[in-house]
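Thanks for making time this morning. I have one structure to go through, and I will keep to side chains and surfaces.

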Amino acid sequence: MWAYREAVRDELEGHALTPADFGWSAWDGRERCPHCAETGAETGAETTSGQR
């Protein structure tokens with residue numbers, strides 16, 4: 001997996017991907033989550049695991 005990750009980074013010339021590269025506002029996926037939309041969860045909040 002690490003070799004794959006390095007190959008992707010080399011292909012992208014070392015530029016880190018951002019959520020905006022995918023048309024998203026954040027990594028957490030809440031804006032694309034049907035369950036979150038149903039419950040009225042706020043977008044942009046951190047997940048319980050601390051990932052963004």
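Phe 22 is partly exposed, at a relative accessible area of 42%; that class lies between buried, under 20%, and exposed, over 50%, with a 1.4 Å probe and protein chains only. This is a predicted model, so local features need pLDDT of at least 70, side-chain atom pairs count only at pLDDT 80 or more, and totals for chains, interfaces and linings use all residues. Residues are numbered from 1 along each chain as its sequence is written, and side-chain values use heavy atoms, with hydrogens and water left out.

Back to the ring. The structure holds 3 aromatic pairs, where rings of Phe, Tyr and Trp (its six-membered ring) pair if their centres lie within 6.5 Å; planes under 30 degrees apart are stacked, over 60 edge-to-face, and the rest tilted. Phe 22 and Trp 24 make a stacked pair, with 4.9 Å centre to centre and 25 degrees between the planes. Trp 24 is partly exposed as well, with a relative accessible area of 27%. Ring pairs also bring in Trp 27, giving a cluster of Phe 22, Trp 24 and Trp 27.

What sits over the ring of Trp 24? The charged end of Arg 32 does, 3.6 Å from the ring centre; the criterion is NZ of Lys or CZ of Arg within 6 Å of the centre and within 35 degrees of the ring normal.

Trp 27 lies in the loop between α1 (2–11) and α2 (34–39). Helices here are DSSP runs of H or I, at least four residues, and strands are runs of E, at least two, numbered from the N terminus. The protein has 2 helices and 0 strands. Trp 27 counts as partly exposed at 37% relative accessibility.

Now the surface. Leu 12, Leu 17, Phe 22 and Trp 27 make a nonpolar patch of about 350 Å². The accessible surface of the protein is about 4500 Å², and 53% of that belongs to carbon and sulfur atoms. Of the 52 residues, 8% count as buried.

Last, the cysteines. How many disulfides does a search of the whole structure find? The count is 0, with a disulfide taken as a pair of cysteine sulfur atoms within 2.5 Å. The closest cysteine sulfur to that of Cys 33 is in Cys 36, and at 3.1 Å it is too far for a bond. Cys 36 is buried, with a relative accessible area of 14%, whereas Cys 33 is partly exposed at 23%.

Key:
Patches are made of residues with over 30% relative accessible area and no salt bridge: like charges are joined within 9 Å, nonpolar side chains (Val, Leu, Ile, Met, Phe, Trp, Tyr) within 5 Å. Accessible areas come from the Shrake-Rupley method with a 1.4 Å probe; for residues, only the protein chains shown count as cover. A salt bridge is a side-chain nitrogen of Lys or Arg within 4 Å of a carboxyl oxygen of Asp or Glu.
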